[in-house]
Amino acid sequence: MAQKGKITVTNMVYGLGAAIVIVGALFKIQHWPYGSLILTIGMVVEALVFTYSAFERQQADLDWSLVYPELAGGQSLGKKKKEEPKDAEGLLSKKLDNLLKEAKIDGELMASLGNSIKNFEGAAKGISPTVDSIAAQKKYGEELSLAAAQMESLNSLYKVQMESANRQAAINEEAVENAQKLKEQMASLASNLSSLNGVYGGMLSAMNKN
């Protein structure tokens with residue numbers, strides 16, 4: 001498909017020079033013959049093209065206002081845009097006034113609302129001491145509950161100590177009784193040993209007489 005447009009010498013030289021540089025680089029990378037020569041020729045051509053483009057004249061800028069007429073006279077359009085917000089604010093204010101009139105909201109109603117708010121504030125200030133008193137009573141009740149719990153803990157501890165003391169007293173009493181029984185048994189044993197010694201003594205005396 002044929003392309004429409006104008007072919008310029010500069011663009012053609014750009015393309016051919018770049019093509020020669022690419023081909024020369026390919027020959028150089030692949031180590032093919034004449035790679036260095038082709039690469040050198042391409043680089044020289046590109047250098048000449050860039051030198052020529054440095055002195056090339058630029059074309060005049062296109063007048064886009066011919067295609068888009070609204071781009072012409074931008075300042076006047078800007079002024080109109082600045083005036084539009086003022087008109088919008090005026091319409092909004094009128095609509096708001098109409099809505100207030102339809103809702104029957106006037107200065108007296110606003111004043112009454114302000115008085116109601118002040119009365120509510122005074123009532124709230126009057127309720128504040130009562131709330132503080134209730135909070136103090138609640139705190140006092142919590143402290144009493146805590147004290148009762150601590151007293152109950154102390155009573156439980158005292159009860160445990162009393163039970164331990166009673167058990168220790170019973171153990172001591174039993175030890176005393178055991179010691180008394182042991183003493184009596186030792187006395188009985190001593191008496192029995194004394195009697196046994198007497199019997200043995202009599203037997204020895206009888207044997208010596210014979």
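The secondary structure of this protein consists of four helices and zero strands, where helices (H or I, at least four residues) and strands (E, at least two) are DSSP runs numbered from the N terminus. Read from that end, the order of the elements is α-α-α-α. The model is predicted: local features need pLDDT of at least 70, side-chain atom pairs count only at pLDDT 80 or more, and totals for chains, interfaces and linings use all residues. Residues are numbered from 1 along each chain as its sequence is written, and side-chain values use heavy atoms, with hydrogens and water left out.

Some totals describe the protein as a whole. Of its 210 residues, 4% count as buried. Buried means under 20% relative accessible area, exposed means over 50%, and partly exposed is in between (1.4 Å probe, protein chains only). The protein exposes about 19200 Å², and carbon and sulfur atoms supply 63% of that area. Accessible areas come from the Shrake-Rupley method with a 1.4 Å probe; for residues, only the protein chains shown count as cover. A contact means heavy atoms within 4.5 Å. Among contacts between residues at least 6 apart in sequence, 33% join residues at least 24 apart.

Helix 1 covers residues 9–30. Its 22 residues reach 32 Å from the first C-alpha to the last, close to the 32 Å expected at 1.5 Å a residue; the expected span is 1.5 Å times one less than the number of residues. Which residues of helix 1 are buried? They are Thr10, Gly17, Val21 and Gly24. These residues cover an arc of only 65° around the axis, so they are on the same side of helix 1. The arc is that of the directions from the helix axis to the C-beta atoms. An α-helix has 3.6 residues a turn, so residues three or four places apart point the same way. The face turned away from the buried side of helix 1 carries the exposed residues Asn11, Leu16, Ile22 and Ile29. Helix 2 is included in what covers the buried residues of helix 1.

His31 has a phi near 60°, a positive value in a residue other than glycine. Most residues other than glycine have a negative phi. Tyr34 is found in the loop between helix 1 and helix 2, and its phi is positive, near 65°. His31 counts as exposed because its relative accessibility is 72%. Tyr34 counts as exposed because its relative accessibility is 63%.

The 20 residues of helix 2 should span 28 Å at 1.5 Å a residue, and the end C-alpha atoms are 29 Å apart, which agrees. In helix 2, Gly35, Gly42, Glu46 and Val49 are buried. They cover an arc of only 65° around the axis, which puts them on the same side of helix 2. The buried residues of helix 2 pack against helix 1. On the other side of helix 2, Leu37, Leu48 and Ala54 are exposed.

Helix 4 takes in residues 107–209, with Leu182 among them. Leu182 is partly exposed because its relative accessible area is 49%. Leu182 forms a nonpolar surface patch with Met186, Leu189, Leu193, Leu196, Val199, Tyr200 and Met203, and together they have about 770 Å² of accessible area. Patches are made of residues with over 30% relative accessible area and no salt bridge; like charges are joined within 9 Å, and nonpolar side chains (Val, Leu, Ile, Met, Phe, Trp, Tyr) within 5 Å. A salt bridge is a side-chain nitrogen of Lys or Arg within 4 Å of a carboxyl oxygen of Asp or Glu.
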